[in-house]
Every structure is written in C-alpha cells, then in structure tokens.
Amino acid sequence: MTHHGFVQGLRGAPGHPAMAVYRNTVMKGCIDALEANFPAVVRLVGVDWFRSVAALYVAEAPPLDPRLFTYGGGLPAFLGRIEPAAGLSYLEGVASLDRLWVESLTAADAEALRADALAGLAAETLGGCRLVPHPAARWSWHPRLPIATLWSRNRDADDSADLGDITWHGEGLLLTRPALDVQWCGLTAGGAALLTACAQGHALAGAAAAALTEEPDCDLAAALALLLGQGAFAATSTSSSRGLEP
C-alpha cells in the first residue's frame, strides 16, 4: 500500500461502498496503534475516552506511513490544545513521555560511553570534554508538574495509578536504552539542562554552567555520574582509549 493510498483511505476517497469498510478498518488500526503507543495516557483517562479523542486526532493528522508502531508524534501537543482535555493539565506531559519511550526504543544502536570514562581526568581537561548524547537518550523536565511520577506509575500496569498521594512539583525523567530495553530514572532540572547543553555541542564546562543556571544548588558530580551510569552518552570515534572527544 502506498502512503498516498493509506492517507486517502482515511480522508474519504470516493468509490465502491467497500471503501467505507476499508476506511473504518484503517481508522480502527490507527486508533489501536495510538492506544498501544500511549499506554500511560490510556491508563490515566480510560480506554473509551482515549479512543474517542484518538479518532479526532486520526481525522486531523492521519499517518503518512502505514507502519504504525511510531505513529502519534503530534498527539501530545494535540492533547494540550483540545477542549476535552482542558482540565487535564498533565496529560500533554505524560503523553510526551510515552512518545519519548517510543523514540528511545526505535533509535539507532550505538555503544554507550563507559561510566568510568571520566575517572582521573584533571579539572581543566574534564571541562573541555564534549560528550555526545546516546542516540536512544531522551529526557524531559517540567517545572511545575510531576510528570515523571505520573508517567512511571501509569506506564507499569502493576503499579498504583492513584493520584492522591503525589506531590505536585516539577519533575524530570531520563530514558535510555543501553541494551535492548528502555530504562528510565528521575532527572533534576540541572541534569536535564546539562544533557541539553551537551546535545547543543557545549563542552562540559559550559554544560555545567547551564546546569547551575537552571538549578543553582545542582550537585554536578552526582548529575554527571547519573547520566554516565544510565548510558546517556555515546562512545565516539575517538573513544577507544578514553571514550572522550577533546
């Protein structure tokens, strides 16, 4: 099936009455894919609510690729602006983390930088190092909402989805895939800023300054150790001996 034919089927291409059955089948497939790709959102709002809103999203943004395992890139922003979700301020953030999980899972393979790669480096040398985020590393920080707790509790069907005991303050999350499975852990504002600065090409000294600007009492050593330990950085072409780029 071509991309054009797939999208036309959703948008109501004329023809034989069987086309209506085809369109309904394709629509159901798209909604099923969104339900599979956003499990934390589904658990928060319920299957019926999610599927009704997902149908609105499919009608507005039908997939351009019949491979649906990555479909839904625009759903978080969609949930952030539609009226049915107006009272659910956390939904866009939780959906974004579901989306980042998919991106981490399907990212390119690469060797992760060793956790001890920076051990023993002089401060001046360390500050000049440029660390490149691993292709599968994804991260997010929300200054007001506990998105990490909301997402992680609802991502795991064996955990409690009760929102009553959650402390409502800013949170962040780091997702990595050092082996075959996506793993995640909490991330502070400073840790997220450090990783973002590294992704922008800053050396560690500049990344550390960005982290302290975002979180003045950030424990830089602990933040960097967490990122290294979680496999958030990629080994580079010059990493055979030290795992670093000058």
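1. Within the largest nonpolar core, which has 40 residues, the members that touch the most others are Leu34, Val41 and Phe50. A nonpolar core here is a set of buried Ala, Val, Leu, Ile, Met, Phe, Trp, Tyr and Cys residues joined through side-chain atoms within 4.5 Å. Buried means under 20% relative accessible area, exposed over 50%, and partly exposed in between (1.4 Å probe, protein chains only). At least two residues of this core come from each of α2 (18–37), α3 (39–45), α4 (47–60), α5 (75–81), α6 (91–106), α8 (147–155) and β3 (171–176). Helix α6 gives the largest share, seven residues. Helices (H or I, at least four residues) and strands (E, at least two) are DSSP runs, numbered from the N terminus.

2. The model is a predicted one: local features need pLDDT of at least 70, side-chain atom pairs count only at pLDDT 80 or more, and totals for chains, interfaces and linings use all residues. Residues are numbered from 1 along each chain as its sequence is written, and side-chain values use heavy atoms, with hydrogens and water left out.

3. Which residues does Leu34 touch, leaving aside its neighbours within four places in sequence? They are Phe50, Ala54, Tyr57, Val58, Tyr71, Gly72 and Leu75. Contact means heavy atoms within 4.5 Å.

4. Helix α10 (residues 204–214) has as its buried residues Leu204, Ala207, Ala208 and Ala211. These cover an arc of only 100° around the axis, which puts them on the same side of α10; the arc is that of the directions from the helix axis to the C-beta atoms. The buried residues of α10 pack against α7 (123–128), α9 (189–199) and α11 (220–229).

5. An open sheet is formed by three strands in the order β2-β3-β4, with antiparallel pairing. Two strands pair if DSSP finds at least two bridges between them. At the edges are β2 (138–142) and β4 (183–187), each pairing on one side only. From one strand to the next the twist averages 15°. Strands β2 and β3 are joined by five bridges, and Ser140 has Leu173 in β3 as its bridge partner. Helix α8 lies across β2, β3 and β4 and runs at about 50° to β3. Axes are lines fitted to C-alpha atoms, for helices over the stretch in contact, and angles run from 0 to 180 degrees between N-to-C directions.

6. There are 10 salt bridges in the structure, a salt bridge being a side-chain nitrogen of Lys or Arg within 4 Å of a carboxyl oxygen of Asp or Glu. One of them joins the side chains of Arg51 and Asp32 (2.9 Å, N to O). Arg51 is in helix α4 and Asp32 in helix α2, so this pair ties together parts that are 19 residues apart in sequence. Arg51 is partly exposed, at 22% relative accessible area, and so is Asp32, at 31%.

7. Another salt bridge links Arg114 and Asp116 through their side chains (3.1 Å, N to O). Arg114 is partly exposed, with a relative accessible area of 38%; Asp116 is also partly exposed, at 47%. Elsewhere, salt bridges that share partners join Lys28, Asp32, Glu35 and Arg51 into one network.

8. Arg99 and Glu103 also form a salt bridge, with their closest N and O atoms 3.5 Å apart. The two are four residues apart in helix α6, separated by about one helical turn. Is Arg99 buried or exposed? At 17% relative accessibility Arg99 counts as buried, while Glu103, at 26%, counts as partly exposed.
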